[in-house]
Amino acid sequence: YETSDEMLKGLTELTDGISDKENLEMVIKFRAGPEFSLDSLNLLLSPLPENVIVDNESLFLDVLGKADLLVSFSSTTIEEALVNDIPVLLYGGGGRYAHIPVAPYKNGDAVEKAVTFIKRKEQLIDYFTALNQKSSSFTVPSEEFDPYRFKKGDAVEFSDWFFSDKIKSMAAA
């Protein structure tokens with residue numbers, strides 16, 4: 001898990017990295033918890049750049065539905081984004097962990113990937129610069145998401161997890 005200090009450092013680096021990117025906007029979808037209240041987060045990130053907002057009121061699915069990219073360290077939101085063809089940027093925790101195994105981003109790499117893992121702020125700034133330049137044409141081909149989705153026939157029926165073959169055959173009769 002990401003510590004409170006790592007989370008704050010990551011959010012600070014994200015807001016700093018996007019602050020001068022005219023074609024990018026960031027919504028921090030925030031759920032208050034024991035680490036930070038909404039007021040304390042706003043204070044700690046103050047002043048927020050004009051292209052960054054903190055949202056603790058909208059439903060996550062509403063925010064995700066409008067997103068072109070999800071940024072997360074480790075969360076089920078990553079899987080939710082990928083099954084909905086929304087690319088994911090893995091960032092935070094000092095680069096010590098990639099929630100989905102993927103080679104770390106290097107300056108100059110393509111940004112049109114389903115999953116990108118960035119370890120350091122320098123690469124984050126390069127990534128945002130490239131993304132800012134491609135903002136109107138940023139698309140990730142659907143096949144880029146294939147490694148992160150079940151293929152037809154690979155999914156397991158829910159009942160298979162709980163019922164033996166004998167019980168299933170009795171239910172089918």
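**Figure 1. The largest cavity of the predicted model.** The largest cavity has a volume of about 40 Å³, in a structure that is a predicted model. A search of the whole structure finds one cavity of 30 Å³ or more. The residues that line the largest cavity are Val-102, Ala-103, Pro-104, Tyr-105, Asp-109, Lys-113, Val-115, Thr-116 and Phe-117. Sorted by class, this lining consists of six nonpolar residues, one polar residue and two charged residues.

Figure 2. Side chains of opposite charge can pair when their charged atoms come close. Here Lys-9 pairs with Glu-13 in a salt bridge, with 3.9 Å between the closest N and O atoms. Lys-9 counts as exposed because its relative accessibility is 53%, whereas Glu-13, at 13%, counts as buried.

**Figure 3. A network of salt bridges that links Asp-85, Asp-146 and Arg-149.** Arg-149 forms a salt bridge with Asp-85, and their closest N and O atoms are 2.4 Å apart. Arg-149 lies in the loop between α5 (121-133) and α6 (165-172), and Asp-85 in the loop between α4 (76-83) and β4 (88-90), so the pair ties together parts that are 64 residues apart in sequence. Arg-149 also forms a salt bridge with Asp-146, for which the closest N and O atoms are 3.0 Å apart. Arg-149 is partly exposed at 23% relative accessibility; Asp-85 is partly exposed at 34%, and Asp-146 is partly exposed at 38%.

Key. Residues are numbered from 1 along each chain as its sequence is written. This is a predicted model: local features need pLDDT of at least 70, side-chain atom pairs count only at pLDDT 80 or more; totals for chains, interfaces and linings use all residues. Side-chain values use heavy atoms; hydrogens and water are left out. On a 1 Å grid over the protein atoms alone, a cavity is a set of points where a 1.4 Å probe fits but cannot get out, and a pocket is an open set with protein on both sides within 12 Å along at least five of seven lines; lining residues have an atom within 4 Å of a point. Grid points are joined across faces, edges and corners, and a volume is the space filled by probe spheres set on the points. Ala, Val, Leu, Ile, Met, Phe, Trp, Tyr, Cys and Pro count as nonpolar, Asp, Glu, Lys and Arg as charged, and the others, Gly among them, as polar. A salt bridge is a side-chain nitrogen of Lys or Arg within 4 Å of a carboxyl oxygen of Asp or Glu. Buried means under 20% relative accessible area, exposed over 50%, partly exposed in between (1.4 Å probe, protein chains only). Helices (H or I, at least four residues) and strands (E, at least two) are DSSP runs, numbered from the N terminus.
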